[in-house]
Protein chains: 2
Amino acid sequence: MHSADTLTVGEVAQRSGFAPSALRYYERLGLLVAARTAGGQRRYERNVLRRLAFIRAARNVGLSLEEVSAALAELPDGRTPTKADWTRLSRRWRRRLDAQIAALEKLRDGLDSCIGCGCLSLRRCAISNPGDSAAAGGPGAVFLPPPLRAAQP
Amino acid sequence: MHSADTLTVGEVAQRSGFAPSALRYYERLGLLVAARTAGGQRRYERNVLRRLAFIRAARNVGLSLEEVSAALAELPDGRTPTKADWTRLSRRWRRRLDAQIAALEKLRDGLDSCIGCGCLSLRRCAISNPGDSAAAGGPGAVFLPPPLRAAQP
DNA sequence: CTGAGAGTTGAAGTCAACTTCATGTCAAGG
DNA sequence: CCTTGACATGAAGTTGACTTCAACTCTCAG
């Protein structure tokens, strides 16, 4: 180990599961702050671990880093965030998850009604309707995450 | 209108809701085939519309174009696919949607148990667990689609 | 004091699914 | 025949979230 109660990138990477490159990236985006040694190396305070836990949780719920950034901006500056602060932020995810689940259930129910008719009509089918969710995402729009996709048996 | 029972790119784009550039892209990937006029312009058969409906539906369900491609490869070659062919393919999406819904519900229930404790522990928290779904996606991995994200009030 | 392993940087690459652009060609109504 | 609007092509750009690379520089156990 090194000396003080601060953590090196490697240690934070190890404990958080984020790659060092991701930590540097988050720092560039302003999601993370790190002190520096005389030689210019990063030294993290222990509370970045909770911050990173929040970031990962938010990502798991579907937030973009931009949204995460906005959420983190609501933390009180000056003092170290308390558990209550984190709880307040993450409570909002409930509604989001509910909406996501509802959207998928709607899609599934639509699928159920479509299977058997084999229509796949661009005008009438609930599943292939151009106006639907995944259509207008622009470049890079993906409907569900690769991890969930891969999990299919 | 032009002449025969074939469709121009513009017409297909209009009817399918896909941009002409997307149609050309799909053709490069082998998802679509088009005849050519003497002058080199594309002329589509009417059945591409159903094919495109399938593609859109698959994308809505969360398939990548690569998966769509694999699915389309199972269609009988030689004859025009029947409704039954399309139905057979889309029936598989049910399981996928069920799994996606289950994953989100698991996440939500984990969130419920986490809210109130404010722990967000990297080791213990169900939501911020590094081993979880969104962790190993590599570059470009996104959990839920921008459209669903944007829909949040 | 030294050497190996860990850390630093900016620039560029990756991936998916398209879009945009520049430049040039077709098709067909008048 | 001609003009106008649609179409064609390859190359390059976009977006988000990172990773990879090359070329150095620190740190600290021994």
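The model is a predicted one, so local features need pLDDT of at least 70 and side-chain atom pairs count only at pLDDT 80 or more, while totals for chains, interfaces and linings use all residues. Residues are numbered from 1 along each chain as its sequence is written, with chains lettered from A and ligands numbered from 1 in the order in which they are written.

**Chain A overall**

- Chain A has 7 helices and 2 strands; these are DSSP runs numbered from the N terminus, with helices being H or I of at least four residues and strands being E of at least two.
- Going along the sequence, the order is α-α-β-β-α-α-α-α-α.
- Chain A has 153 residues, and 34% of them count as buried (20 or more other C-beta atoms within 10 Å of the residue's own; 12 or fewer is exposed, in between is partly exposed, and C-beta atoms are placed from the backbone).
- Among contacts in chain A with a separation of 6 or more, 45% link residues 24 or more positions apart; a contact here is two C-beta atoms, placed from the backbone, within 7 Å.

**Where α6 meets α6**

- Helix α6 of chain A (residues 93-114) packs on helix α6 of chain B (residues 93-114) at about 165°, and the axes are 10 Å apart.
- That angle makes α6(A) roughly antiparallel to α6(B) (over 145 degrees; under 35 is roughly parallel, 65 to 115 roughly perpendicular and the rest oblique).
- Those axes are lines fitted to C-alpha atoms, for helices over the stretch in contact, and the angles run from 0 to 180 degrees between N-to-C directions.
- The crossing of α6(A) past α6(B) is left-handed, as the near helix is turned anticlockwise from the far one by less than a right angle (clockwise would be right-handed).
- On the α6(A) side, the residues that meet α6(B) include A:Trp93, A:Leu97, A:Ile101, A:Leu104 and A:Arg108, and on the α6(B) side they include B:Trp93, B:Leu97, B:Ile101, B:Leu104 and B:Arg108.
- By class, that contact has 12 nonpolar, 2 polar and 8 charged residues (Ala, Val, Leu, Ile, Met, Phe, Trp, Tyr, Cys and Pro are nonpolar, Asp, Glu, Lys and Arg charged, and the others, Gly among them, polar).

**The nonpolar core**

- The largest nonpolar core runs to 61 residues, and A:Ala57 and B:Ala57 have the most contacts inside it; such a core is a set of buried Ala, Val, Leu, Ile, Met, Phe, Trp, Tyr and Cys residues joined through C-beta atoms within 7 Å.
- Elements giving two or more residues to this core are α2 (20-29), α3 (48-61), α5 (83-91) and α6, from chain A and from chain B.
- α3(A) gives the most, with 9 residues.
- Leaving out residues up to four places away in sequence, B:Ala57 touches A:Leu120, A:Cys125, A:Ile127, A:Ser128 and B:Ser90.

- A:Arg51 is in helix α3 of chain A and is buried, because 22 other C-beta atoms lie within 10 Å.
- A:Arg15 is in helix α1 (residues 9-16) of chain A and counts as partly exposed, with 18 C-beta neighbours inside 10 Å.
- A:Gly30 is in the loop between α2 and β1 (35-36) of chain A, exposed with 10 other C-beta atoms within 10 Å.
- B:Arg46 is in the loop between β2 (42-43) and α3 of chain B and is exposed, with 12 other C-beta atoms within 10 Å.
- B:Arg46 and B:Thr6 are 40 residues apart in sequence but 6.4 Å apart in space, C-alpha to C-alpha.
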